[in-house]
Amino acid sequence: MRTVLLVCHANTCRSVMAHVLLEKMLDERHARSRVLVRSGGIANHARDGMIPSLDARIVLREDGIHLSEDAEAHLIVTMTGQQKEMLAVYEEARGRPIFTLKELAGEEGDIHDPFQQGEDRYRACRDEIKRCLTKSVDRLLATLSG
């Protein structure tokens with residue numbers, strides 16, 4: 001089994017939404033048995049198991065996804081270029097492919113943090129993540145296979 005790690009700042013908004021959206025897409029492709037999806041945060045205060053924000057839960061529920069309350073990875077996907085640069089200095093990340101989500105989708109730019117900006121901003125962020133994942137899921141699976 002191959003592992004993909006999705007990273008944002010605190011692991012409460014973007015990476016959590018990307019995590020469950022990617023799992024849903026992998027389920028639809030019957031690829032979930034081949035790929036373990038994890039999420040984490042790069043900030044000092046981030047930690048695994050951090051409670052996802054209420055707004056992230058609300059907008060994901062609209063897609064039928066209900067969130068429940070370190071990871072060694074074969075592929076690391078960050079939400080911003082800055083997070084990619086920060087991860088590149090970690091010993092654990094050396095030699096592993098690291099992309100921003102937009103890079104993986106063949107685009108430029110970052111997925112901006114919707115933290116404390118209300119449901120509309122979370123909804124827009126969810127939709128942007130979903131769009132980028134839809135464009136990149138084949139490349140993601142190919143990268144994990146190769």
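Which residues touch the most other members of the largest nonpolar core? The legends below start there; the model shown is predicted.

**View 1. The largest nonpolar core.** This core holds 35 residues. Val4, Met17, Leu22, Leu26, Leu101, Ile129 and Leu133 touch the most other members. At least two residues each come from β1, α1, β2 (35-41), α2 (54-61), β3 (75-78), α4 and α5. Helix α5 supplies the largest share, nine residues.

**View 2. Met17 and its contacts.** Met17 is one of the residues that touch the most other members of the largest core. Leaving out residues up to four places away in sequence, Met17 touches Ala56, Val59 and Leu60, as well as Tyr122, Cys125, Arg126 and Ile129. Ile129 is also among the residues with the most contacts to other core members.

**View 3. Ser15 in helix α1.** Ser15 sits in α1, which spans residues 14-28. Is Ser15 buried or exposed? Its relative accessible area is 0%, so Ser15 is buried. The Ser15 side chain makes a polar contact with the side chain of Asn11, at 2.8 Å. Beyond residues up to four places away in sequence, Ser15 touches Leu6, Val7, Cys8, Ser39, Gly40 and Met79.

View 4. Asn11 is found in the loop between β1 (2-8) and α1. What is the phi of Asn11? The angle is positive, about 65 degrees, although Asn11 is not a glycine. Asn11 counts as buried because its relative accessibility is 4%. Its side chain meets that of Ser15 in the 2.8 Å polar contact.

View 5. Gln116 lies in the loop between α4 (101-104) and α5 (118-145). Its phi is near 60 degrees, a positive value in a residue other than glycine. Gln116 has a relative accessibility of 68%, so this residue counts as exposed. Asn11, by contrast, counts as buried at 4%.

**View 6. Cys8 and Cys13.** How many disulfides does the structure hold? The count is zero. Cys8 is in no disulfide, and the nearest cysteine sulfur to its own is that of Cys13, 6.6 Å away. For Cys13, the closest cysteine sulfur is in Cys8, and the 6.6 Å separation is too far for a bond. A disulfide requires the two sulfurs to be within 2.5 Å. Cys8 counts as buried, with a relative accessibility of 2%. Cys13 is likewise buried, at 2%. Cys8 is also one of the residues that Ser15 touches.

**View 7. The whole protein, for orientation.** The protein has five helices and four strands. Along the sequence, they follow the pattern β-α-β-α-β-α-β-α-α. Of the 146 residues, 50% are buried. The accessible surface comes to about 7,500 Å², and carbon and sulfur atoms account for 48% of that area.

Technical notes: Residues are numbered from 1 along each chain as its sequence is written. This is a predicted model: local features need pLDDT of at least 70, side-chain atom pairs count only at pLDDT 80 or more; totals for chains, interfaces and linings use all residues. Side-chain values use heavy atoms; hydrogens and water are left out. Buried means under 20% relative accessible area, exposed over 50%, partly exposed in between (1.4 Å probe, protein chains only). A polar contact is a pair of N or O atoms within 3.5 Å; within protein, one must be able to donate a hydrogen and the other to accept it, and residues adjacent in sequence count only if both atoms are side-chain atoms. Contact means heavy atoms within 4.5 Å. A nonpolar core is a set of buried Ala, Val, Leu, Ile, Met, Phe, Trp, Tyr and Cys residues joined through side-chain atoms within 4.5 Å. Accessible areas come from the Shrake-Rupley method with a 1.4 Å probe; for residues, only the protein chains shown count as cover.
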